[in-house]
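Dear colleague,

Please find below the structure I promised to hand over, followed by an account of what was found in it.

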Amino acid sequence: MSKSIGIIGAGIGGLHLALYLQQHGIDATVITDRAPDDVASGRLMNTVAHHSVTIAREDALGVNHWDDPSIVYHHHDHFFNMPDGPLLFRGAFKNPSRAVDYRLYLPKLMEDFSDRGGRIEYRSIQDNDVPALVARFDLLVVSTGKGPLGRLFQHRSEHTPYSQPQRLLCVGLWDGVDHGGPDKPDPRGVTLSVSPGHGEMIVIPTLTAEGMKTALLMENVPGGDMADLVSLNHDADPAAFRQTILDRLEQHHPHTYDRIDTQRFAVAGQQDLLQGGIVPTVRQTAASFDDGKFAIALGDVHSVVDPLMGQGANMASYAAFELGQAIVEAVVFDARFCEVVDQRREDRVLAASRWTNLMLQPPSEAMGRLIFTMSQNRELCDAFTENFNYPERQWDHLASEKRTHAWIDSHMAQAA
Ligand SMILES: Cc1cc2nc3c(=O)[nH]c(=O)nc-3n(C[C@H](O)[C@H](O)[C@H](O)COP(=O)(O)OP(=O)(O)OC[C@H]3O[C@@H](n4cnc5c(N)ncnc54)[C@H](O)[C@@H]3O)c2cc1C
């Protein structure tokens, strides 16, 4: 059977799929609007951490160029800025996670694909280009991220509870924030800092082209004290921007504020800030065309989540492998093929979306108990942390209050 696959988009979804197919001897063409140099020199797109399941897929693809123990992190520190006193506790991963600036990561994977004989065409695809691409390939995969091409795939309103962003993001790479490290008393970790009613901040040690920096991913609740940071203009007055951030961190995220060297604290580079918001959206797996052919949604096109739980890219990589394997095994690309792809990846994709959406809400009584128990029970917190690799396992424990209580009870019984 002829298997010529067209992949629109060279993000992690498109590239992991392209590299997987290439490795399995299947003809794949990537069509994307940005050349490696444009990506490398562009604005910060995200602050992505890859968990060990994704790093294992990079090993399998032969693209783990950042296998350096000095840049990984091993744990999450949870900090809650509670009115009656702070709550601070740690959960560890079994295997470390790692954040590499996508302006380094994606161009390197594009280079890998090209060097191994892969074809990348550079152009921007519009809606009216799609039918010709469907006709050209045996299967078309759309992995163009949050952009308008995603509208090809029907919106699944039953899995899309929000029509507005639930957090207003102010994201940047910064100098002057201590995040631990091999040469420090504390090993490198990510901090998940919560200011109830105002939002969260995720502090991520990140490898960039300029060395290790700290990503501050501020997830600010609309109407809260930090919400205005989404439109605070850095370039108009960098000193005022920096001072405003310092003041807000001192008030809302003091655990991180205490780790800042105020003399050195500054946005790392001119392009290192990102502000905006994401509407979590789930779409259908496939779109059908008149000639009996199909296009498949991958990555953010299929399901885009708020970055709070760090799931989007890990999920896109997982889905790329599931889709890749289905393509390798396929005898025909028909409606049944699309159904099989959907079933194989749906549990994880939906779990990542549901879990993230749950965490965007004020904590339920069961969630409050989970947080408190994790602060007392290291094994429970380690299990919660490890499940960043396996969102479907996390969702098994969080899908209802009963399940959450049962999970806590089982850990309390073990500890007794
Ligand atoms: C601040 C922030 C922090 C995040 N942190 C994490 C994290 O810690 N962990 C995690 O797993 N996820 C995280 N995410 C989510 C993650 O960035 C995305 O889920 C992931 O990058 C999506 O990959 P993708 O391949 O689907 O799309 P993208 O990476 O968006 O790639 C889309 C590709 O399509 C191309 N393209 C777009 N439109 C067209 C067109 N019309 N024609 C041709 N080409 C086109 C683009 O140039 C690009 O190459 C974060 C996101 C943000 C915003």
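Please keep in mind throughout that this is a predicted model. To begin with the helices, α1 (residues 12–23) packs against α4 (residues 102–115) at an angle of about 25°, and their axes lie 10 Å apart. Because angles under 35 degrees count as roughly parallel, α1 is roughly parallel to α4. The crossing of these two helices, α1 and α4, is left-handed. On the α1 side the contact involves L15, A18, L19 and Q22, which meet L106, L109, M110, D112 and F113 of α4. Sorted by class, this contact of α1 with α4 comprises seven nonpolar residues, one polar residue and one charged residue.

The residues that make the contact are V53, T54 and R57 from α3, together with N314, S317 and F321 from α8. By class, the contact of α3 with α8 holds two nonpolar, three polar and one charged residues.

Turning to the ligand, 34 residues surround it, and the closest of them are G9, G11, G145, G299 and G312. By class, the shell around the ligand is made up of 14 nonpolar, 17 polar and three charged residues. Which elements each supply at least two residues of that shell? They are α1, β8 (168–175) and α8 (312–329), and α8 provides the largest share, four residues. Seen by domain, the shell around the ligand draws at least three residues from domain 1 and at least three from domain 2.

As for the chain as a whole, the protein is divided into domain 1 (4–48 + 102–162 + 280–359), domain 2 (168–276) and domain 3 (365–415). The centres of domain 1 and domain 2, taken over C-alpha atoms, are separated by 30 Å. The contact between these two takes eight residues from domain 1 and 14 residues from domain 2. On the side of domain 1 that touches domain 2, the residues divide by class into four nonpolar, two polar and two charged.

With best regards

Note on methods. Residues are numbered from 1 along each chain as its sequence is written. This is a predicted model: local features need pLDDT of at least 70, side-chain atom pairs count only at pLDDT 80 or more; totals for chains, interfaces and linings use all residues. Axes are lines fitted to C-alpha atoms, for helices over the stretch in contact, and angles run from 0 to 180 degrees between N-to-C directions. Angles under 35 degrees count as roughly parallel, over 145 as roughly antiparallel, 65 to 115 as roughly perpendicular and the rest as oblique. A crossing is left-handed if the near helix is turned anticlockwise from the far one by less than a right angle, and right-handed if clockwise. Two residues are in contact if their C-beta atoms, placed from the backbone, lie within 7 Å. Ala, Val, Leu, Ile, Met, Phe, Trp, Tyr, Cys and Pro count as nonpolar, Asp, Glu, Lys and Arg as charged, and the others, Gly among them, as polar. A residue is near a molecule or strand if its C-beta atom, placed from the backbone, lies within 6 Å of it. Domain bounds come from an automatic or database domain assignment.
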